[in-house]
Amino acid sequence: MAIPELTSTRSPRVVAARRLAKRAFRAGERRFLAEGPQAVREAVARPGTAVEVYATAETAERYPDIVAAAEASGVPVLRASAEVVAAVSQTVTPQGMVALCRFVDVPLAELTEPHVPDLVAVLAHVRDPGNAGTVLRAADAAGAEAVVLTDASVDLYNPKTVRASVGSLFHLPVVVAARVEDTVARLRAAGLRILAADGAGAADLDDELDAGGLDGPTAWIFGNEAWGLPEEIRALADAVVRVPIHGRAESLNLATAAAVCLYASARAQRGSSGCRTKHVG
């Protein structure tokens, strides 16, 4: 694909890409940037997501599989100078490859149709983009089938959120800007048990696991990094669950606690063969 190298940071193409660092422009154009080879690889692998890829000559040579996959999918790969890649990147040390992508979020209505998920992570009032991206990555790793970022949570397409997800936002359905009440109502109606993760919860995660409370379809609600979940959200849950602290640590951070809860549910939902038990909603 013979495309001239982009060398000017003032070219209209580069200026347009740089604008996506701001949420208002991302929302207006419904496009965002995914930085680094891993994120670009996953973006290209998801049909209809990547619009074009910017890569330095050195990075393109180092990752010929990504270049080949992009071009096979009809996604242009634009050779760019290091200065251009740095201009559209939001990291101190750019990795030499950036993908311009279309938004990937789905409507809340699609969360339970046509398939009812077994495991969902709901982020309520989560404001830190790194934490949000890390929880999304943990949910993906644990086999969750959807993630919801509520209307009071950070923007999914914040560059830090995208980076922290390490490509996981391209792997599973993500709902954004949904009300907690609407999300809980839909998931409960579909047959999921709603659990709120909170350090002061009355229920213990180990006890829930031992009693079979995590065996069925489950949605976990995770709260703000500093103050957790407000009472009105805890009241929506079927149980408020704490992760037991067996050592001397004062608490767990949000991403670690979320990973523990999601993996506990994933383990409980698996049969002796190690395969996830499917539940029909």
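**Pockets**

Helices (H or I, at least four residues) and strands (E, at least two) are DSSP runs, numbered from the N terminus. The top contributor to that lining is α2, with three residues.

Housekeeping: this is a predicted model, so I note that local features need pLDDT of at least 70 and side-chain atom pairs pLDDT 80 or more, while totals for chains, interfaces and linings use all residues. Residues are numbered from 1 along each chain as its sequence is written, and side-chain values use heavy atoms, with hydrogens and water left out.

The second largest pocket has a volume of about 200 Å³. Its lining has 16 residues, and Arg 23, Asp 155, Leu 156, Val 176 and Ala 177 lie nearest the centre. I get eight nonpolar, two polar and six charged there. For the classes, Ala, Val, Leu, Ile, Met, Phe, Trp, Tyr, Cys and Pro are nonpolar, Asp, Glu, Lys and Arg charged, and the others, Gly among them, polar.

The search ran on a 1 Å grid over the protein atoms alone: a cavity is a set of points where a 1.4 Å probe fits but cannot get out, a pocket is an open set with protein on both sides within 12 Å along at least five of seven lines, and lining residues have an atom within 4 Å of a point. A volume is the space filled by probe spheres set on the points.

The largest pocket comes out at about 490 Å³. β11 (239-242) and α12 (254-268) are the elements giving two or more residues to its lining.

**Rings**

I counted five aromatic pairs (ring centres within 6.5 Å; planes under 30 degrees apart are stacked, over 60 edge-to-face, the rest tilted). Phe 32 and Phe 170 are stacked, because their centres are 6.1 Å apart and their planes at 20°. Phe 32 sits in strand β1 and Phe 170 in the loop between α8 and β7, 138 residues apart. Phe 32 is buried at 0% relative accessibility (buried is under 20%, exposed over 50%, partly exposed in between, 1.4 Å probe, protein chains only). Phe 170 is buried too, at 5%. Phe 32, Phe 103, Tyr 157 and Phe 170 form one aromatic cluster.

Terms used: Phe/Tyr/Trp six-rings, centres within 6.5 Å; stacked < 30°, edge-to-face > 60°.
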